[in-house]
Amino acid sequence: MPRGNSPTVRRRRLASELRRLREAAKLTIDEVGEKLECSASKISRIETGHVGVTPRDVRDMLELYALPEDEREALVQLAREARKKGWWHAFNEVFTGAFVGLESDASSLRTYQSLLVPGLLQTEDYTRAVIKAIAPDYSEETVERRVTARQSRQTLLTDAQPPEFWVIMDEAVLHRTVGGPDIMRGQLRRLLETAQLPHVTLQVLPFEAGAHAGMEGPFMILGFPEQADPDVVYVENTTSGSYLEEPPDVHRYTLMFDHLRATALKPADTLLMVKQAAERLT
């Protein structure tokens, strides 16, 4: 699926627009559910993007909101696009949330990682070692399936129109030997290679920085090319992650990333540190 056509982003945009139109019509969620003879929870889930919505339901909602007929078709078409399946649906047992769908359409990705190399920069061997360590009960088939899924994500960086990818990693990531010296050396070399791409910026936050803004944990800020699609923050945790879309939350994490960027080593100094870490493993 070409970038710019992510059904996940389309669904998010449609949900936001339906909520805006309902509020403009001065109707509550309960009132809409009652008039359309469905549960209020269904309307709520549609407006938060947690469930899809059929073109028929969109037509009914827009009629209720008294949207002029000549303006309805664009949103009905958006509902059709939002129901299409992205490439990641082939890995639906791996990608259970909306993250990959959002990532695939982002124009910018800014991420901080404290323990691991970001997934978009991992080698196959590094990914395999990480998954086996985190989930030792996984079968070989499950591990390989997840490795393949992560490698599929990485085609984003070699797309004809890739996103701007800015990575800040804690220095600990360089010194934690994942999978043994050979695998870790290969991973560090991958970092050096990928950092040469014009749309990739890599910085390391050195130990000497002391306490810093990212000590709460890893996160990513996803930016989108359309004004109708505001930035979203993805905050990772042990089993899944959470999405923050309210402007104050996005602003807080944007400031956090700016502080980390100012504290981290410059890209040139970062590459030198990564190179030295790789040499120590030879």
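The model is predicted: local features need pLDDT of at least 70, side-chain atom pairs count only at pLDDT 80 or more, and totals for chains, interfaces and linings use all residues. Residues are numbered from 1 along each chain as its sequence is written, and side-chain values use heavy atoms, with hydrogens and water left out.

**Salt bridges**

Side chains of opposite charge can pair when their charged atoms come close. Here a salt bridge is a side-chain nitrogen of Lys or Arg within 4 Å of a carboxyl oxygen of Asp or Glu.

| Salt bridge | Closest N and O atoms |
|---|---|
| Arg128 and Glu124 | 3.8 Å |
| Asp125 and Arg128 | 3.0 Å |
| Arg252 and Glu216 | 3.9 Å |

Arg252 sits in helix α11 (residues 247-263) and Glu216 in the loop between β3 (200-205) and β4 (219-223), so this pair ties together parts that are 36 residues apart in sequence. Helices (H or I, at least four residues) and strands (E, at least two) are DSSP runs, numbered from the N terminus. Salt bridges with shared partners also join Glu124, Asp125, Arg128 and Glu144 into one network.

Within helix α7 (residues 124-134), Arg128 and Glu124 are four residues apart, which means about one helical turn between them. Arg128 is buried, with a relative accessible area of 18%, while Asp125 is partly exposed at 40%. Buried means under 20% relative accessible area, exposed over 50%, and partly exposed in between (1.4 Å probe, protein chains only).

**A negative patch**

On the surface, Asp60, Glu63, Glu69, Asp70 and Glu71 gather in a patch of negative charge. Patches are made of residues with over 30% relative accessible area and no salt bridge, with like charges joined within 9 Å. Both α4 (55-64) and α5 (69-82) supply at least two residues each, and α5 gives the most, with three. One member, Asp70, lies in helix α5 and counts as exposed, at 69% relative accessibility.

Leaving aside neighbours within four places in sequence, Leu78 is in contact (heavy atoms within 4.5 Å) with Arg10, Arg13 and Leu14.

Arg110 belongs to strand β1 (residues 108-113) and is buried, with a relative accessible area of 18%. Beyond its neighbours within four places in sequence, Arg110 has contacts that include Trp166, Phe219 and Asp231.

Methods
Patch = residues over 30% accessible without salt bridge, like charges linked within 9 Å, V, L, I, M, F, W, Y side chains within 5 Å. Areas by Shrake-Rupley, 256 points an atom, 1.4 Å probe, with all protein chains shown as cover. Lys, Arg positive; Asp, Glu negative; His and termini not counted. Charge placed at Lys NZ, Arg CZ, Asp CG, Glu CD.
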